[in-house]
Amino acid sequence: MFTLIKEDGQARRGVLKTRHGDIQTPIFMPVGTQATVKGMTPAQIEEVGAQIILGNTYHLNIRPGSDLVHEMGGLHQFMNWKKPILTDSGGFQVFSLSKLRKITEKGIEFRSHLDGRKLFLGPQNCYEIQKNLDTDIAMVLDECPPYPCERDECESAVARTIRWAGEFLEHATRDGFIESGHHVFGIIQGSIYDDLRQHCGQALAEMDFPGYAIGGVSVGEPEEEMIRQVAATAPVMPKGKPRYVMGVGTPPQLLKMVGLGMDMFDCVMPTRLARHASVFTPHGVLNLKNERFKHDPNPIMEADNYTCQNFSRAYLRHLIMAKELLAHTLLSIHNTHFFLDLMAQARAHIEAGDYAAWSAAWIERYNAGNQ
């Protein structure tokens with residue numbers, strides 16, 4: 001169940017109840033593709049304020065296999081994470097393996113990126129895999145069109161996405177999956193075509209999913225186009241249900257999308273950039289490999305996380321230059337906390353009623369520092 005607490009313009013403050021706890025929105029969700037957020041322990045993820053993390057249907061079913069995860073007591077037990085988990089359907093991963101897959105009306109035939117095995121992902125087995133994982137929020141199987149994309153190709157992808165969503169929901173409903181407290185989110189596709197996005201959103205809204213996601217953004221299109229698509233899709237997303245933008249984004253992008261009425265986000269950026277020596281600050285991104293940090297006694301920034309409370313930029317740079325694995329962990333702790341704390345600030349400013357002014361000033365300062 002999703003409850004709206006406060007609206008400030010289009011920005012929304014809400015609570016999503018799940019079997020493993022309440023999620024305060026807007027929220028950023030760290031990505032744990034293979035049952036781990038890279039470089040961090042579950043305790044560290046919880047310490048930085050994570051309320052929910054992601055797993056991935058495609059990757060977990062290929063390795064170690066959803067049957068094994070089920071045998072081990074489900075994904076929560078397997079990875080020792082007590083809070084909510086959302087599992088992506090795997091549709092995007094199959095989209096990214098364009099040379100290894102064939103889309104049919106029944107689903108997607110593809111080859112494993114690990115060993116070349118022939119595999120199939122359709123609405124029914126996509127649901128069954130996520131049921132095996134015992135996820136809190138399951139995503140329907142969708143077809144993610146590429147960018148750029150011809151209109152007729154996009155129309156076909158949207159039609160399949162709608163049909164597959166209905167089949168997935170039918171299996172989940174018949175099986176008692178939703179009735180037992182799990183959530184299922186529909187995914188709105190349509191590439192850059194506003195009318196197709198709105199058609200897809202309206203069709204899914206009629207199916208009455210517990211939540212809705214915008215897919216197919218951040219697939220190579222310019223940022224302005226990404227924001228425009230979110231803005232065009234928002235009006236057809238049911239107001240009383242959580243709204244999730246998949247696979248985004250930078251801090252300014254997140255704040256802009258919160259301002260458009262979006263509630264949930266995920267991105268690999270915090271840990272990926274950490275592995276490349278980059279850290280987020282309110283004044284932009286810093287690359288700690290730079291010589292200017294060699295003698296810097298200051299923390300990355302004044303922040304309430306383990307890294308900033310205990311280590312200098314000089315020490316972190318030393319770990320990076322020495323290729324010590326601890327560098328990945330400490331920078332991932334900071335970056336993940338930065339994203340989660342930004343969403344906590346957003347929630348506070350929505351409650352205070354000054355979200356638009358605060359977010360505009362925040363984005364201006366961040367972008368000025370990145371120049």
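Me: Is Val245 buried or exposed?
Reply: This is a predicted model, in which local features need pLDDT of at least 70, side-chain atom pairs count only at pLDDT 80 or more, and totals for chains, interfaces and linings use all residues. A residue is buried under 20% relative accessible area, exposed over 50% and partly exposed in between, with a 1.4 Å probe and protein chains only. The relative accessible area of Val245 is 0%, so Val245 is buried.

Me: Which strand holds Val245?
Reply: Helices (H or I, at least four residues) and strands (E, at least two) are DSSP runs numbered from the N terminus. Val245 falls within residues 243–245, which form strand 13.

Me: How are helix 9 and helix 10 oriented to each other?
Reply: Two packed helices are described by the angle between their axes and the distance between the axes. Axes are lines fitted to C-alpha atoms, for helices over the stretch in contact, and angles run from 0 to 180 degrees between N-to-C directions. Angles under 35 degrees count as roughly parallel, over 145 as roughly antiparallel, 65 to 115 as roughly perpendicular and the rest as oblique. Helix 9 (residues 223–233) and helix 10 (residues 251–259) pack at about 25° with axes 10 Å apart, and they are therefore roughly parallel.

Me: Which hand does the crossing of helix 9 and helix 10 have?
Reply: A crossing is left-handed if the near helix is turned anticlockwise from the far one by less than a right angle, and right-handed if clockwise. The crossing of helix 9 and helix 10 is right-handed.

Me: Which residues of helix 10 make the contact with helix 9?
Reply: Helix 9 contributes Glu223, Met226, Ile227 and Val230.

Me: How are helix 10 and helix 15 oriented to each other?
Reply: The axes of helix 10 and helix 15 come within 10 Å and cross at roughly 165°. That makes helix 10 and helix 15 roughly antiparallel.

Me: How many charged residues are in the contact of helix 10 with helix 15?
Reply: The contact includes Pro251 and Leu255 of helix 10 and Trp358 and Ser359 of helix 15. Ala, Val, Leu, Ile, Met, Phe, Trp, Tyr, Cys and Pro count as nonpolar, Asp, Glu, Lys and Arg as charged, and the others, Gly among them, as polar. The contact divides into 9 nonpolar and 3 polar residues, and the number of charged ones is 1.

Me: Which residue supplies the backbone oxygen that the side chain of Ser359 reaches?
Reply: Ser359 is found in helix 15 (residues 355–370), and it counts as buried because its relative accessibility is 8%. A polar contact is a pair of N or O atoms within 3.5 Å; within protein, one must be able to donate a hydrogen and the other to accept it, and residues adjacent in sequence count only if both atoms are side-chain atoms. At 3.2 Å, the side chain of Ser359 reaches the backbone oxygen of Ala356.

Me: How many nonpolar residues are in the contact of helix 13 with helix 14?
Reply: The axes of helix 13 (residues 313–321) and helix 14 (residues 325–352) come within 7 Å and cross at roughly 135°, so the two are oblique. Tyr315, Leu316, Leu319 and Ile320 in helix 13 meet Leu326, Ala327, Leu330 and Leu331 in helix 14. No polar and no charged residues take part, and the nonpolar count is 8.

Me: How far from a polar atom of the side chain of Ser89 does the backbone oxygen of Val140 lie?
Reply: Ser89 lies in the loop between strand 6 (85–88) and helix 5 (91–96), and its relative accessible area is 0%, so it is buried. Val140 is among the residues that Ser89 touches. The backbone oxygen of Val140 and the polar side-chain atom of Ser89 are separated by 3.1 Å.

Me: What is the omega of the peptide bond from Thr25 to Pro26?
Reply: Most residues other than glycine have a negative phi, and most peptide bonds are trans. Pro26 is in the loop between strand 3 (21–25) and strand 4 (27–30). The bond from Thr25 to Pro26 is cis, with omega near 5°.

Methods
Residues are numbered from 1 along each chain as its sequence is written. Side-chain values use heavy atoms; hydrogens and water are left out. Contact means heavy atoms within 4.5 Å. Lists of a residue's contacts leave out its neighbours within four places in sequence.
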